[in-house]
Amino acid sequence: MTEHTADRAVIVKRVDEGTATTDEIEQLAQSAGYHPVATITQTRTEDPAFHVGEGKADEIARCVAATDAGIVIFDNQLGPYQTFNLGNKLPEGAEILDRFRLILEIFGQRATTRPAQLQVELAELRYELPRAEAKASLAKREERPGFMGLGEYDESRERDIKARISRIRDELDSVQDDAKRRRETRRESGFDLVALAGYTNAGKSTLLRRLAVDHAVEENAEKHPDLPETAASEDRLFTTLETTTRRADIDRRDVLVTDTVGFISSLPHWLVESFRSTLDSVYRADLVLLVVDVSESVDAIHEKLVTAHDTLSERNEAPILTVLNKTDLIDDADLDRKRAALSALAPDPVAVSARTGDGVAALTDAIDDRLPDLVEERIVVPLSDDSMSVISWIHDNAHVTDVEYGEQAVVEFEAKPATIERARSKVQSLPAPGSV
């Protein structure tokens, strides 16, 4: 096998029933830098030893040899012993990636900030731990894994993985605590927090750029100056890994919109949990915009909506507004048909084209309607040398409807309850007129 074949990939997918489709796994492989050269599918129940049947495993090995491929990518989750058994079938030097190891490889390529790198490492360690345990079991039976089976056995590896997982969790807990404090500070300053969620490649980053009115305000900017200042928009999977937050001016409100990593179907709990720190910006938002690519088939959209709702259901605290994106790619009749077919999962969705801007005004109106109601308040501000700074603060953090100046200033405004409490506190702390 020559060096230039390392990126040549044979794609494999097994399904219990029906017809196996490989479009998504091929996109994922290409996103990771691999070049699919052959596709092999099988419809059957899972084989405990090889995942696919042993005859199909032999066919895969022949295909790898015939195509001079360097890697086999399964659109399935492989167990440690299945990986070992399949590896022993392949030509020497060929490697195996299952679906989740491929996703982790893509995440690793995209992670440029400390929190993202920690989350990727945590997911990789959680993936590797059962394989380290399997190596221990094989070693006890004197079955040493070779080449791309499971790798050589190191008796300290299992212990090291568990210790590293513990350390990463502690560091990520600290990151989450910092993020929680920033969210509360932003809420107290009058900001509504809106999160973009949805399946990868649905157009979330493009929508963020359409809604934004300023440069990026990344959550960890002060601690990590290398954070991205814009949300990238590219036609590839997993473009976004770190969260990117930008300000949107929506009617009477100051809104911060955060773009996060895209969902993907059939992710195991351990992988979703590894990215809890990133997903917290979704879980703790005031409103979630669930973005879907409406140009896809109804079945595909339905499946992805179910995936997104499943991911959000355990810990999401905010209302969800479904956004049907990419309307520029379909006609009105198709849009109406899909609205009707998806109404159970997506009641009252908003249809937009983030690329052209069509429907974005209606979306901002819907965001305003779905966010928590603003409360009307009337505050009397005693005039003093410091009073103008308080009135200026209210202008910056609330929607001021009227100000009357006389012996005192009377400010009428709309704001969130937390902002009103802060405004009252600031007024109460003002020195009395004429005091020294």
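Start your tour at helix H14, on the face turned away from its buried side: select Pro417 and Gln428, the exposed residues carried there. Exposed means over 50% relative accessible area, buried under 20%, and partly exposed in between, with a 1.4 Å probe and protein chains only. Helices here are DSSP runs of H or I with at least four residues, strands are runs of E with at least two, and both are numbered from the N terminus.

A word on the model before you move on. This is a predicted model, in which local features need pLDDT of at least 70 and side-chain atom pairs count only at pLDDT 80 or more, while totals for chains, interfaces and linings use all residues. Residues are numbered from 1 along each chain as its sequence is written, and side-chain values use heavy atoms, with hydrogens and water left out.

**Stop 1: the other side of H14**

Now pick Thr419, Ile420, Ala423 and Val427, which are buried in H14. They sit on the same side of H14 because they cover an arc of only 100° around the axis, taken from the directions from the helix axis to the C-beta atoms. Next, try the distance tool on the helix ends. H14 has twelve residues (417-428) and should span 16 Å at 1.5 Å a residue; the end C-alpha atoms are 17 Å apart, which agrees. The expected span is 1.5 Å times one less than the number of residues.

**Stop 2: a parallel sheet**

Jump to the four strands that form an open sheet, in the order S2-S1-S3-S4 and with parallel pairing. S2 (35-43) and S4 (95-97) are the edge strands, each with a single partner, so one side of each has no neighbour in the sheet. On average, neighbouring strands of this sheet are turned by 20° against each other, direction ignored. Two strands count as paired if DSSP finds at least two bridges between them.

Zoom in on S1 (residues 8-15) and S3 (residues 71-74), which pair in the parallel sense over four bridges. Select Val12 and you will find Phe74 of S3 opposite.

**Stop 3: salt bridges**

A salt bridge is a side-chain nitrogen of Lys or Arg within 4 Å of a carboxyl oxygen of Asp or Glu, and by this rule the count comes to 22. Show the side chains of Arg14 and Asp16, which form one at 2.6 Å, N to O. Is Arg14 buried or exposed? Arg14 is buried, with a relative accessible area of 8%, whereas Asp16 is exposed at 53%.

Asp47 and Arg44 form another, at 3.9 Å from N to O. Here Asp47 is buried at 16% relative accessibility, and Arg44 is partly exposed at 28%.

Move on to Glu121 and Arg164, whose side chains meet at 2.8 Å, N to O. Glu121 belongs to H5 (residues 114-140) and Arg164 to H6 (residues 157-188), so this pair ties together parts 43 residues apart in sequence. Glu121 is partly exposed, at 25% relative accessibility. Finally, select Asp192, Arg253, Asp286, Asp368 and Lys416 together: salt bridges that share partners join them into one network.

**Last stop: the whole protein**

Zoom out to see 14 helices and 13 strands. Of the 436 residues, 53% are buried. Among contacts between residues at least 6 apart in sequence, 76% join residues at least 24 apart.

How values were computed. Axes are lines fitted to C-alpha atoms, for helices over the stretch in contact, and angles run from 0 to 180 degrees between N-to-C directions. Contact means heavy atoms within 4.5 Å.
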